[in-house]
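I'd like to walk you through one structure today, so let me get it up on the screen.

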Amino acid sequence: MGGGTTKAHESFVVSPAPTVGTETPEPDHVVPGPSSAMLDALGPLSEPDATAAEQLAALKAAAGIVGDAADEAALKAASGQFLGGLDTEQLAELALAEGFEHPTLVGLNAASGGPHPLAHWLDPAYPPTSPTKLAIQAKASERFAAVAEGATIAGVTLADVAAAEAVAGAGGPPSGGGWVATPADVVTASAALHQALVGFDILQATNPAVDDPNDGGLGALLAAENHLATAQCAELGIELQAAKASAKALVDKSLAGATGYRQHWAVDQVVAGAHADGILSEAEAKNLNRTEQLALLRSSTAATERAALGEVASARAGELAAFVEAKAAYAAHGALPVAGGLELAGLDSQPGKDGAVAFATAAGDYFDQRAKVMSWSTNAAGSVEFSTLTGHSWVPGQSELTSTFRTWAKDQKLADLRAVATSLGMPAAGASRAQVQNYIAASWDPALDKSAIIAAVAAKAAKPAKATVPKPVVPPAAGPAPLAPPVSLGPPSARSFAAKHLQIVEALKAHQALAADLPARPPAEHVAAWAFGPAQAAHLGGAHAKSLHAAPDGSIWMFKPDKTAGGARAHAEAQASAIFVRVGVPSVPVYVRSIGGKVGSVQPLVHGATSLGADPKGWSQTDVDNLVRYHVAAWAVGDHDGNPANVIRTPSGGLCPVDQGQAFKFFGRDRLAVDYNPNDSFGSVPAFHQAYAAAKAGGLAKGVAVRPEAALPTIKAFEALPDAAYRALLAPVATEGVAHKVHWVAPMRKDVAERLGTASVSDAEVAEQFLRTAVARKSGLRATFAGFFTANGFGAGAKLEKVA
Amino acid sequence: MTTPHRRIWALLARDPRTGWASALAGVLGVEGDQHHLSWVPYAPAAEQWRARVTASTAPAATAVEEWAELADGVSWDLVELEAPGSPDLRGDVEFAFDELVFLDRRAR
């Protein structure tokens, strides 16, 4: 073993590798060559007698000296070519030598020279903490556990794996030490594990901050599994490995069913004990999420995987430290709300200009570091502690800072601003005040692009003929309206007027930040006239119903053909989106379009957004208030599919419901009730219903509550919408729905037959019944929701009927 | 007696890098009343799909039809893939998983 195979001699390129999958594309310009140190380090790859192991060692050494993007590109090109040229057996042999467990169970279908997961796992251009590398090893262990339990994967059995890995050089006990066991000891350990499995019940887990600690038996389960996993018994050989893997499969299965906040409580108790015993470090106890912590605590997790998880925790600690430092530098300029307004000296002196450059750089660094931390901290075990460092996800946003900066910059001379922009890399001449300000703001604001601004300046200088393209669809460059600098009010009491005022200001800021994140809503007639570009291949390919298309302004839109309802569903989704916007509920614009001869819906993509987390414990008061408002709009349009995945969190942290593809589907049959979830048998329960259930079960975060009064603005907006306007909005939904006999047509036909007292009703009468039902629902929202909240024990429900 | 039709689906979650649901969460295979799921380990993006699958009480073959009907790619999505041709359902799911996880590889 040891990867000693000699690989046929090849010359390896050291130019940037082509991008694959969703790797960030290389910039479209000439990349400078790699350093001489990198070229030297990659030299052994071209030596004719070098073994595969030697070549991999050279790549690993080269990975240690990457200096810049050119070095990294050269390394990726070389490693991609080397590893891509190895066959499955060579990859397995090398991986085994590097500590990979069960390499024969990875890349089961890989053609020689084709994409192989082990080629990625071995690639030194990616760190061992790469989530994909972690996933590949975890998947191999999971598959081994499955075959050990008797499953076959593509016809491969445990015996096949044992034979293949014996040939490849595996078969010894896993690393990590252990205890010497007799066969009887192993049987005893196995029995103890089964006993612990029986005793494991996540529903018994308690919140130790409130109740007596109870981890639901998780600690005992992990201890029993670890005891068996670390047993060493030469007499049993492969049988012991199979027993351990089989046990792992059972524990995997048991843990897979433990989700939600009770799982968090249980894991937190076990982790606290492990930290106190010195088994987990401070970083591991706080910086990892619960899934990662469970893997780290289990001896059945591959040693390389556990080592990588430890590195992940350390790397996150480093990111946290860098963020704290960047935050301090940023706060020095008064840009954080806690420090008051932006405190920059005038630009009429050199120190003032230097200060502005330092501020722009510090702001960029702060937001970069914050984004890195927030990419993992919201799911980490220490998320509550981290959120006090990072603040609410939307305060302070880059767009808000840009607005504040623009307000400040109005009082500065253009020449001085230009000098600052030049120091930040902007070519000196030709830019307008707005372009100069935007260039400076682009140091921290991802909505602004320095290279695009430079290109616009150059284009302006060239004075091109006026283009006659449709109105572009880009987020408004100006962002939200400027806000007054924060006022220092001193520490207000929670019940004071100042505290309430601050809450309102925060809500307004959140709303403005969200509005700036969402794509603009061009008039429907513009979108109808646009010539969308040809379909672009989707990342994950396959028999895909959806396609991506470039709009005339270059923005990317997604088209989804309405295969089942001939366009009726697209109309419902588009009009639901339009109604949401009319009543102040954020919404991505949706339009009915025909592309490639198919009718469907088109909508722009929202970049940088994630989904609302599945655990209500992680939802803020602002989130829950937004969900209450969303509930009003969702009920009005009869959309019962608002599960957390259908609520996106934009880069500024605001929530925006998407996917109203089920709008009106259950109209005429639906009920406003927490137990009315027509999709629950498919696992879809609306986020607002989850919030209500969590509130009753103590599953929301401390201090977060369901506030019926949050619904008021949306109810009032619906009330302000004239019936005639509402009917006009819904007319195409009614017409198309009847024409294509969608879900709601049958109950509407029944209702109108009853109303008219006849069994024979026309399609026009059914459409009219739909519109009457929709208008009646709109008009009754206040009373309906007052009754709903009161009936469900949210005491302030009655307020809805008393407040104008 | 006819052989049940085998169908393989990639379960996707919203990816901030692309603006739509393109992050691999897992692979689902359905064949008659059998199904097999293979999740991407350690992927927070898989959390939503896990929650949905855990809460689903319908047979997988029925549920996946409903999900496909509702999916529109903005918040999450699923994509039907051609079955790779393994002798067994689990093999096809894992074949697809290996191909997709390589495509979806990332440094952090």
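Predicted model: local features only at pLDDT ≥ 70, side-chain atom pairs only at ≥ 80, totals over all residues.

So, which residue is the bridge partner of A:Arg649 in strand 9 of chain A? It's A:Leu655. Residues are numbered from 1 along each chain as its sequence is written, chains are lettered from A and ligands numbered from 1 in the order in which they are written, and side-chain values use heavy atoms, with hydrogens and water left out.

Back to that strand. Helices (H or I, at least four residues) and strands (E, at least two) are DSSP runs, numbered from the N terminus, and two strands pair if DSSP finds at least two bridges between them. Strand 8, residues 647-649 of chain A, runs antiparallel to strand 9, with three bridges joining them. They sit in an open sheet of three strands, order 7-8-9 in chain A, with antiparallel pairing. Strand 7 (610-611) and strand 9 are at the edges with a single partner strand each, so one side of each has no neighbour in the sheet.

Now, salt bridges: a side-chain nitrogen of Lys or Arg within 4 Å of a carboxyl oxygen of Asp or Glu.

A:Lys665 meets B:Glu66, with the closest N and O atoms 3.9 Å apart. A:Lys665 lies in the loop between strand 9 (655-657) and helix 25 (687-697) of chain A, while B:Glu66 lies in helix 2 (residues 60-70) of chain B, so the pair connects two chains. On accessibility, buried means under 20% relative accessible area, exposed over 50%, and partly exposed in between (1.4 Å probe, protein chains only). A:Lys665 is partly exposed at 21%, and B:Glu66 is buried at 14%.

A:Glu142 is partly exposed at 29%, whereas A:Lys139 is buried at 1%.

Last pair: A:Asp763 and A:Arg749, closest N and O atoms 3.0 Å apart. This one links distant parts of the chain, 14 residues apart, with A:Asp763 in helix 29 (residues 763-779) and A:Arg749 in helix 28 (residues 745-756) of chain A.
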